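Here are my notes on this chain, written as numbered points to follow with the structure open beside you. Take them one at a time and find each residue as you go.

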Amino acid sequence: MPHGEAAVPLRSLNAAEWDRTYGSAVAGWDEEPPPVLGELLAEHTPPPAHVLDVGCGLGTTARWLADRSYTVTACDFSARAIAAARRRTPAGSAVRYEVLDVTGHTPPDPFPVVLDRGVLHTRPTRHERRTFAEAMARMCRPGGLWIHVGAAALSEEDALDQSSGPSWTTEESFRSAVTSWFTVLDLRIADFGRRKGVTDWPARYAVLRRNQD
């Protein structure tokens, strides 16, 4: 199971707690994604697609996307995280930041591509995962894509150990949470990140197509 560099409330659904985390803890999970994410994006939705990066944190993945010629809207419900992300982003970047909780929002113009890297796995219960999947369905236009990266339990035994860090889900529990709104097109297992002992734990990389209404 993963062990980060600092004690962080990876399961908190509370924006105020995440504000405190970004103000006091080392975000050990914050790094550019490994090549597998770039490979998935290139295969299923090459640039210059417009991507909504949900739960963008410090904006690292959003800037990584912009560097690959994507247009990016990046949101997080932590105002402190968004402020830090804006400071870290060069002027003229193709990233626009918003303070936004997607679980309580319906956009007037849903996005063609939505991405969460490490957000669904902060939802430890089936109800919370389904609530988040429903929110992603609202944010994504019918026929659009949801690119998901999150902690993967490779066995039922792994899934039972939920004492710390992200919430690990089996493929069955992941599919159960999302299939009311999405069809799984591609699913791979690779490391979440590249920091030895910090982020090199199994993650599920999934491409899902939004069902037609």
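Predicted model: local features only at pLDDT ≥ 70, side-chain atom pairs only at ≥ 80, totals over all residues.

1. Of the chain's 213 residues, 50% count as buried.

2. Next, the overall layout. You can find seven helices and seven strands in the chain. Read from the N terminus on, the elements run α-α-β-α-β-α-β-β-α-β-α-α-β-β. Among contacts with a separation of 6 or more, 67% are between residues 24 or more positions apart.

3. Now look inside. The largest nonpolar core has 31 residues, and the members that touch the most others are Leu37, Val72, Tyr97 and Ile147. Several elements each supply at least two residues of this core, including helices α2 (35–44), α3 (60–67) and α4 (79–88).

4. Valine 72 deserves a click of its own. Which residues does valine 72 contact, leaving aside neighbours within four places in sequence? The list is His50, Val51, Asp53, Ala62, Leu65, Ala66, Ala94, Val95 and Arg96.

5. Two packed helices are described by the angle between their axes and the distance between the axes. For α1 (residues 15–24) and α4, the axes come within 7 Å and cross at roughly 40°, so the two helices are oblique to each other. Asp19, Tyr22 and Gly23 make the contact from α1, with Ala79, Arg80 and Ala81 on the α4 side. Sorted by class, this contact has three nonpolar, one polar and two charged residues.

6. Methionine 139 belongs to helix α5 (residues 126–139). Is methionine 139 buried or exposed? Methionine 139 counts as buried, because its relative accessibility is 1%. Beyond its neighbours within four places in sequence, methionine 139 is in contact with Leu52, Leu100, Val102, His105, Pro107, Pro110, Phe111 and Val114. Methionine 139 and valine 54 are 85 residues apart along the chain, and their C-alpha atoms are separated by 9.5 Å.

7. Threonine 61 sits in helix α3 and counts as buried, because its relative accessibility is 7%. Not counting residues up to four places away in sequence, threonine 61 touches Pro33, Asp53, Leu115 and Arg117. Arginine 175, in helix α7 (residues 171–178), counts as partly exposed because its relative accessibility is 32%. Leaving aside neighbours within four places in sequence, arginine 175 is in contact with Val184 and Leu187.

8. Finally, please check two spots in the backbone. What kind of peptide bond joins proline 47 and proline 48? That bond is cis, with omega about 15°, and proline 48 is in the loop between α2 and β1 (50–54). The other spot is serine 69, in the loop between α3 and β2. Serine 69 has a phi near 75°, a positive value in a residue other than glycine.

Technical notes:
Residues numbered from 1 in each chain as written. Heavy atoms only, no water. Core = buried A, V, L, I, M, F, W, Y, C linked by side-chain atoms within 4.5 Å. Buried < 20%, exposed > 50% of the residue type's maximum accessible area, 1.4 Å probe, protein only. Helix = DSSP H or I, 4+ residues; strand = E, 2+ residues; numbered from the N terminus. Contact = heavy atoms within 4.5 Å. Axes fitted to C-alpha atoms, helices over the stretch in contact; angles between N-to-C directions. Parallel < 35°, antiparallel > 145°, perpendicular 65-115°, else oblique. Nonpolar A, V, L, I, M, F, W, Y, C, P; charged D, E, K, R; others polar.
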